[in-house]
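Please look over the sequence and the model before reading on.

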Amino acid sequence: MTVVTPELLRRYDVPGPRYTSYPTADRFVEAFGDSDYILALKQRKVAAAAKQPMSLYVHIPFCESLCYYCACNKIVTKHHERAATYMRYLEREVDLHLQHCGRGQVVSQFHVGGGTPTFLSDDELRELWQMLRERFAFDPAGEYSIEVDPRTVTRERLAVLKEVGFNRLSFGVQDFDPDVQKAVHREQPAEQVFDLVAAARELGFQSINADLIYGLPKQNAQSFARTLQQVAQLRPDRIALYAYAHLPERFKAQRRILQQDLPPAPDKVNMLSAAIASFIDAGYVYVGMDHFALPEDALAVAKRQGRLHRNFQGYSTQPDCDLIALGVSAIGRVGATYSQNAKTLEEYYDLLDQGRLPVVRGLALTRDDLIRRAVIMTIMCQGEVLFESINNAWLIDFPQYFSAEIAALESQQEEGLVEIQDDCIKVTEKGWFFVRGVALVFDRYLQADRNRARFSRII
């Protein structure tokens with residue numbers, strides 16, 4: 001892994017999408033509304049896709065305190081009674097969906113994100129599961145996960161999460177250093193996280209993920225090395241390592257972070273290089289982009305077997321399928337469409353009060369979008385595009401259709417990131433660390449867009 005040098009990381013550190021979808025969410029338009037979404041739901045009901053399992057996502061926007069780095073859609077409040085109102089509207093939204101796609105749809109993947117999902121009380125979490133179980137058929141072998149802020153749970157609360165039906169947890173660690181935690185307004189002792197992870201293992205959760213961020217204020221090579229050492233001791237089944245994107249002009253909370261406290265760009269690249277080396281040395285498999293997993297974890301197994309997929313929650317072992325997204329700002333995918341709900345509670349509640357699904361924007365994909373999505377997701381998940389499979393699926397001549405893109409990849413081939421052959425394009429072992437940079441070559445919208453600054457940098 002020493003071939004992944006800081007110099008190479010710097011050279012390919014350019015802005016680019018994370019490709020949890022293609023086209024990306026910034027391409028959604030307000031011309032796509034609830035009527036378009038309803039049509040997609042009805043088409044699913046009568047199509048063969050109705051027999052295929054689907055994914056569910058529920059967004060809980062509330063947080064008790066503000067983390068300064070956060071770019072999520074959230075509402076900071078200590079008024080927990082607001083959650084009860086939100087739960088009633090979630091139920092309305094689910095019932096409106098069922099009018100168009102029918103009850104009893106099989107669910108094989110369910111994720112609750114935020115905000116802080118554990119803002120909900122134990123009774124509200126039970127209520128959420130009961131409400132959904134009455135309307136959907138949950139596959140006993142499915143993956144059911146929730147994001148956990150360690151400051152909001154105890155061993156007893158983790159037991160409740162297991163009892164109601166969650167079998168996977170994602171802990172927001174970010175960094176173990178007290179000075180860094182104070183700088184981002186998220187103080188949580190390392191001992192607390194270690195105790196909770198130990199409890200989660202005792203309770204039998206199938207997979208435990210830890211989220212980390214590099215590039216945070218007050219981070220430096222020495223402090224981050226200590227965090228990496230502690231993560232190796234914690235040994236979560238999966239690690240998600242994200243680069244902090246400082247965009248204070250877009251995210252108000254980030255204005256509380258002082259520019260002079262941020263590590264310089266070269267230091268940030270060195271931290272990434274150190275993290276990659278640390279995780280590989282600790283026995284983790286590099287799954288793709290910013291995800292690592294122990295060899296026996298389902299995500300690593302899926303990568304070895306060529307069954308890796310990607311959706312709005314990131315890498316997944318579940319087959320490519322429709323995603324029903326519930327709650328304020330949630331983004332879903334049904335058929336050849338993407339849709340996003342209203343971003344404010346007021347608008348979300350108002351639309352549901354009118355008896356309407358709260359979709360305010362989205363996109364109906366063109367044939368070219370679908371072809372490019374197939375290529376980009378294959379690159380992101382399998383790291384190899386076989387021309388014949390794309391030709392047969394879409395009735396195109398790959399080398400001709402993508403002649404400009406193949407030419408653009410030649411410089412990456414010279415760097416040893418890809419191999420361009422007569423019948424395929426392969427991402428090399430070294431290239432996996434820059435897979436976003438490979439995928440974005442096939443992004444028609446990005447190639448025509450001079451304003452890439454709205455995206456985070458890919459390193």
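Glu405 and Arg372 form a salt bridge through their side chains, with 3.2 Å from N to O. The two partners belong to distant parts of the chain, 33 residues apart: Glu405 sits in helix α15 (residues 403-408) and Arg372 in helix α12. Salt bridges with shared partners join Asp368, Asp369, Arg372, Glu405 and Arg444 into one network. A salt bridge here is a side-chain nitrogen of Lys or Arg within 4 Å of a carboxyl oxygen of Asp or Glu. By this rule there are 23 salt bridges. Helices (H or I, at least four residues) and strands (E, at least two) are DSSP runs, numbered from the N terminus.

The model is predicted: local features need pLDDT of at least 70 and side-chain atom pairs pLDDT 80 or more, while totals for chains, interfaces and linings use all residues. Residues are numbered from 1 along each chain as its sequence is written, and side-chain values use heavy atoms, with hydrogens and water left out.

A second salt bridge joins the side chains of Asp297 and Arg238 (2.6 Å, N to O). Asp297 lies in the loop between β10 (291-293) and α10 (298-304) and Arg238 in strand β8 (residues 238-243), so this pair ties together parts 59 residues apart in sequence. Another one is made by Arg151 and Asp149, at 2.8 Å from N to O.

The table gives relative accessibility, where buried means under 20% relative accessible area, exposed over 50% and partly exposed in between (1.4 Å probe, protein chains only).

| Residue | Relative accessibility | Class |
|---|---|---|
| Glu405 | 11% | buried |
| Arg372 | 7% | buried |
| Asp297 | 5% | buried |
| Arg238 | 12% | buried |
| Arg151 | 27% | partly exposed |
| Asp149 | 7% | buried |

Helix α12 (367-381) and β11 (309-311) each supply at least two residues of the lining of the second largest pocket. The largest share, 6 residues, comes from α12. In total 26 residues line this pocket, and His309, Asp320, Arg333, Arg373 and Met377 lie nearest its centre.

Ser145 is part of strand β5 (residues 136-148) and counts as buried, at 17% relative accessibility. Its side chain makes a polar contact with that of His111 at 2.6 Å; such a contact is a pair of N or O atoms within 3.5 Å, and within protein one must be able to donate a hydrogen and the other to accept it, with residues adjacent in sequence counted only if both atoms are side-chain atoms.

Conventions:
1 Å grid on protein atoms, 1.4 Å probe; cavity = no way out; pocket = protein on both sides within 12 Å on 5 of 7 lines; lining within 4 Å.
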